[in-house]
Amino acid sequence: MLALLLALLPLAVSSEECIKPQPDPTFTNAAYEGTWYEVGKIQTPGGAAFQKDCVCDALVFHSDEPVQGDGEVTYACRYKTVDGIFTNMTADLIYDGTPGNFNQKFRFPFAPLTDYNLVLLDEDAAIEYDCSPHADGTIDYCIHFISRTPSLSEDRLQALIDLALGMGLNTQDLAYKANIQDGCWRCES
């Protein structure tokens, strides 16, 4: 009887799958190029591994291809406070044939590929969703709400959150977490 239960145990483990959202149909690399500030996020603990204890999160996207093609994204943040230690990490974004969808590969050994999607991109804000499945049937995902400026109006931010939730991206019903941006950019005008 014990052998039968052990044999059936893998079937009882729930298997999650990454959502494969449609990227923004107007996406171009040129429109995504440059600096973005993370206003907030919804993410699993594993998806937050690099950003754990970060504030002042920002990213810079660059591609030599203005419309479609590979690119790179560099993430930067400060540890715990606006005056904390600065840290950054770069990932290659490998174009998968669909504008706005990439395979993200961080530049460290054994980094898994992550499905990286720009589900909304306009002149002042974007929603980026990335997801990684694991061999044990679990997933890690992040829904990043980013802006060309360190803040968004409450109405605009809520509209972005509602859009992401309406797309079914928050499969684990995780809470939204605002990112600290106040006091981060004192040297910028």
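Predicted model: local features only at pLDDT ≥ 70, side-chain atom pairs only at ≥ 80, totals over all residues.

Reader: Let's start with Asn101: buried or exposed?

Author: Asn101, which is found in strand β5 (residues 101-106), is buried, because its relative accessible area is 1% and the cut-off for buried is under 20%.

Reader: And which polar contact does its side chain make with another side chain?

Author: The side chain of Asn101 makes a polar contact with that of Asp115, at 3.0 Å, and a polar atom of the Asn101 side chain also lies 3.3 Å from the backbone oxygen of Tyr116. Leaving aside neighbours within four places in sequence, the residues in contact with Asn101 include Lys20, Pro23, Ile94 and Asn117.

Reader: Where does Asp24 sit?

Author: Asp24 is in the loop between α1 (2-12) and α2 (29-32), and it counts as buried because its relative accessibility is 8%. Not counting residues up to four places away in sequence, Asp24 touches Pro99, Leu118, Val119, Leu120 and Leu121.

Reader: How far apart are Asp24 and Asn117?

Author: They are 93 residues apart in sequence, while in space the distance is 8.5 Å, C-alpha to C-alpha.

Reader: Switching to the nonpolar side, which residues touch the most other members of the largest core?

Author: That core has 18 residues, and those touching the most other members are Ile127, Tyr129, Ile143, Phe145 and Leu160. The elements giving two or more residues to this core are β1 (34-43), β6 (113-121), β7 (125-133), β8 (139-147) and α3 (154-166). There is also a second, separate core of 17 residues, which includes Phe61, Val73, Ala91 and Tyr116.

Reader: What does Leu160 contact, then?

Author: Setting aside neighbours within four places in sequence, Leu160 is in contact with Leu120, Ala125, Ile127, Phe145 and Leu152.

Reader: How many salt bridges does the structure hold?

Author: It holds 7 salt bridges. In one of them, the side chains of Arg107 and Asp92 meet at 2.6 Å, N to O. Arg107 lies in the loop between β5 and β6 and Asp92 in strand β4 (residues 86-95), so this pair ties together parts that are 15 residues apart in sequence.

Reader: Which residues are linked with that pair in a network?

Author: Glu72 is linked with Asp92 and Arg107 in a network of salt bridges.

Reader: And what about Arg156 and Asp122?

Author: Their side chains meet in a salt bridge at 2.3 Å, N to O, and the pair links distant parts of the chain, with Arg156 in helix α3 and Asp122 in the loop between β6 and β7, 34 residues apart.

Key
Residues numbered from 1 in each chain as written. Heavy atoms only, no water. Helix = DSSP H or I, 4+ residues; strand = E, 2+ residues; numbered from the N terminus. Buried < 20%, exposed > 50% of the residue type's maximum accessible area, 1.4 Å probe, protein only. Contact = heavy atoms within 4.5 Å. Polar contact = N/O pair within 3.5 Å; in protein donor to acceptor, adjacent residues only side chain to side chain. Core = buried A, V, L, I, M, F, W, Y, C linked by side-chain atoms within 4.5 Å. Salt bridge = Lys/Arg side-chain N within 4 Å of Asp/Glu carboxyl O.
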